[in-house]
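Let us walk through this structure step by step. Keep the sequence and the 3D view side by side.

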Amino acid sequence: MSWGTELWDQFDNLEKHTQWGIDILEKYIKFVKERTEIELSYAKQLRNLSKKYQPKKNSKEEEEYRYTACQAFLSTLNEMNDYAGQHEVISENLSSQITAGLARYVQELKQERKSHFHDGRKAQQHIETCWKQLESSKRRFERDCKEAERAQQHFEKMDADINVTKADVEKARQQAQLRHQMAEDSKADYSSILQKFNHEQHEYYYTHIPTIFQQIQEMEERRIVRLGESMKTYAEVDRQVTPIIGKCLDGIVKAAEAIDQKNDSQLVIEAYKSGFEPPGDIEFEDYTQPMKRTVSENSLSNSRGEGKAEPKFGGKAKGKLWPFIKKNKSPKQQKEPLSHRFNEFMTSKPKIHCFRSLKRGGSTPEDFSNLPPEQRRKKLQQKVDEINRDIQKEVDQRDAITKMKDVYLKNPQMGDPASLDHKLTEVSQNIEKLRLEAQKFEAWLAEVEGRLPARGEQARRQSGLYDAQSTPPVNNCAQARESPDGSYTEEQSQESAVKVPAMDFDDEFDDEEPLPAIGTCRALYTFDGQNEGTISVVEGETLYVIEEDKGDGWTRIRRSEDEEGYVPTSYVEVYLDKNAKGAKTYI
């Protein structure tokens, strides 16, 4: 099968067909280019989408990504970013392996095609020239033959006429011979040209055209093969990134399987647990007897005057009142019935709104004393960890400067050692400041965790909370305050507005009574309490429980009057006395 033999007379159609083949190749190149642009656009949109939903630094969204579900979503965003990168790889490979190569090949193909058809046209023009020569010699031979025939007839006519002179007859004879000779010459010339044309025509149809058409056929077949290879490459480019895309999808699945709903629930507890105890039972007020009613109406103020605590609506029962809650000693103040206070308690806003109003009313105290105990402990712990990290950075910087100074001392040509003294002094001062800051927050943290007694007036003034609480409030909301044992009590703003010197209430806490036992516990394992605030226990030992686990994993126990501390809750089995003061009651 050869175009040279089968399509010897289809020069124009082959020219159109090869041009169509080049158009197809250019169309495929355009298709790949558009696919490349789509992949780039898709990758860009995926990256923008992933970036759009990434948590912003130092924002509330960043805190939300502690939850496993949000972490899985963050992993999905990261995997989608990698997924977009693979589409960029597809675009680059399509451009480099297909588009660029095919564009160069099309230019080469156009030049080769132009050369082949130029040779074909040249051979065509040559055979047409030979044909014109043959036609010209044929017409000349025909004309000379006709002229010779007419000359011969004229001569015969003149020779038969008796009236014509002998000289005219001779002239006619010579003219007939001349025409005959010219006809013979034309015949010989026509014969020679005819033989030459036949040879050229044979060469054209059996040698030149088959050779040119065969080259065009090979060129066209190479084009088809190249197009097929490009299509294979097109598929391979996608197949090469398929495993990586699969890994991205596997990463999303793995992140989804890592979601732990129990852990997220525990994080919610850690994030919002206040450390408060549920309100105790409200005492029955008997209004049937006037004497009992009078006692009931004055019970709240009497309890303050005697320094004995009554069960509060919003706080844990405690044998002492918080220092900032002082009875108004003015005899002109009319005491409200306890029932009115109960109604105000039931209709008042939750305490958390009071905290927010305090926060909006002024800056947050440095020791976070405006927060509930558990949240305050967490904030202080975060602050201590942050300061410790800053201290470590400064220490590393100091060590680096010290090493550089040693190098300068050994090699003075590298630098002046004295030039580093100022920087070294500055870093040392920063370390000292940070350590003092850390000690301050560690003291507050120890107080919250119960390892140190409550702070005095000076510490309260340093924290900035004393001044904020001693000033009259700007609203009528009940101000929530922290008691020394971590519980909160509430009083109306009218009572809390009275400023009381520190000496009036400090004496009430000098002889703080020990916490009562709320149950017993048995040690399941031996625990060696070496840290401050902990106590050592032996497996099987029975001790008293004086404070339940507040969600931080520690239970406060007592062995004797002077020996108490914290042990891990998982190391003991607790038996609470439901009737004990402060114990939780489960219904």
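Strands here are DSSP runs of E with at least two residues, and helices are runs of H or I with at least four, both numbered from the N terminus. This is a predicted model, in which local features need pLDDT of at least 70, side-chain atom pairs count only at pLDDT 80 or more, and totals for chains, interfaces and linings use all residues. Residues are numbered from 1 along each chain as its sequence is written, and side-chain values use heavy atoms, leaving out hydrogens and water.

Strand 3 (residues 519–523) pairs with strand 7 in the antiparallel sense, over five bridges. Two strands pair if DSSP finds at least two bridges between them. Now widen the view. Five strands make an open antiparallel sheet, ordered 6-5-4-3-7. Strand 6 (563–568) and strand 7 (572–576) are its edges, each pairing on one side only.

Next, the helices. Helix 11 (residues 373–410) packs against helix 12 (residues 421–448) at about 160 degrees, with the axes 9 Å apart. Axes are lines fitted to C-alpha atoms, for helices over the stretch in contact, and angles run from 0 to 180 degrees between N-to-C directions. Helix 11 and helix 12 are therefore roughly antiparallel (angles over 145 degrees).

Finish with the largest nonpolar core, which has 39 residues. Such a core is a set of buried (under 20% relative accessible area, 1.4 Å probe, protein chains only) Ala, Val, Leu, Ile, Met, Phe, Trp, Tyr and Cys residues joined through side-chain atoms within 4.5 Å. Helix 4 gives the most to this core, with 15 residues.

How values were computed
Angles under 35 degrees count as roughly parallel, over 145 as roughly antiparallel, 65 to 115 as roughly perpendicular and the rest as oblique. Buried means under 20% relative accessible area, exposed over 50%, partly exposed in between (1.4 Å probe, protein chains only).
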